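Me: Could you walk me through a few local features of this model, with the cut-offs behind each term?

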Amino acid sequence: MRCPFCGHDDTQVKDSRPTEDNNAIRRRRYCPSCQSRFTTFERVQLRELTVIKRHGQRSPFDRDKLTRSIRIACRKRGIDEERIEQIVNGIQRQLESSGETEIQSAQIGELVMKALQSLDQVAYVRFASVYKNFREIKDFGEFVEKLGGE
């Protein structure tokens with residue numbers, strides 16, 4: 001594994017252990033060149049997923065992009081990083097086990113919406129505002145009104 005700090009090709013694994021949900025291996029690594037320490041995660045990937053966007057463009061599934069969007073929705077909400085990781089793992093597992101290699105971006109958005117709705121209402125509305133492309137304040141109002149009625 002290449003060191004992310006100095007680019008040295010030969011790093012050493014100092015500690016390996018499973019993550020809490022047993023879906024990945026967490027490895028603490030050490031670079032003998034610059035003496036830096038960093039963490040890597042090793043996950044099982046069942047299949048290569050391709051995301052089909054709204055306009056038909058195809059791109060490889062990007063777990064980091066999914067994680068970033070959920071983190072942004074949950075920003076300053078006091079939601080534990082491990083809980084976000086569990087949500088991302090669950091969504092990725094659902095997508096990989098669906099049997100499909102091409103996934104509509106709307107399907108991913110719905111899975112995120114479902115997960116956030118049960119986690120935190122503010123994060124849910126934040127994500128919905130981007131996912132549903134709210135353009136005006138009344139769009140927020142209508143969405144929150146529907147949410148209050150549920």
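**Aromatic pairs and their surroundings**

Me: How many aromatic pairs does the count come to?

Reply: Rings of Phe, Tyr and Trp (its six-membered ring) pair if their centres lie within 6.5 Å. This is a predicted model, where local features need pLDDT of at least 70, side-chain atom pairs count only at pLDDT 80 or more, and totals for chains, interfaces and linings use all residues. Side-chain values use heavy atoms, with hydrogens and water left out, and residues are numbered from 1 along each chain as its sequence is written. By the ring rule, the count of aromatic pairs is four.

Me: Nice! How are the rings of Phe 127 and Tyr 131 arranged, stacked or edge-to-face?

Reply: Planes under 30 degrees apart count as stacked, over 60 as edge-to-face and the rest as tilted. The ring centres of Phe 127 and Tyr 131 are 5.9 Å apart and the planes are at 20 degrees, so the pair is stacked.

Me: And is Phe 127 buried or exposed?

Reply: Buried means under 20% relative accessible area, exposed over 50%, and partly exposed in between (1.4 Å probe, protein chains only). Tyr 131, at 15%, counts as buried. Phe 127 has a relative accessibility of 12%, so Phe 127 is buried.

Me: Which way does α3 run relative to α4, roughly parallel or roughly antiparallel?

Reply: Helices (H or I, at least four residues) and strands (E, at least two) are DSSP runs, numbered from the N terminus. Axes are lines fitted to C-alpha atoms, for helices over the stretch in contact, with angles from 0 to 180 degrees between N-to-C directions. The axes of α3 (residues 105-119) and α4 (residues 121-131) come within 8 Å and cross at roughly 160 degrees. Angles under 35 degrees count as roughly parallel, over 145 as roughly antiparallel, 65 to 115 as roughly perpendicular and the rest as oblique, so α3 and α4 are roughly antiparallel.

Me: Over in strand β2, is Ile 25 buried or partly exposed?

Reply: Ile 25 belongs to β2, residues 24-30. Its C-alpha atom is separated by 5.5 Å from that of Phe 41, 16 residues apart along the chain. With a relative accessible area of 27%, Ile 25 is partly exposed.

Me: Last one: which residues does Ser 36 contact, leaving aside neighbours within four places in sequence?

Reply: Ser 36 sits in the loop between β2 and β3 (37-43), and counts as buried at 18% relative accessibility. With contact meaning heavy atoms within 4.5 Å, the partners of Ser 36 are Phe 5, Arg 29, Tyr 30 and Cys 31.
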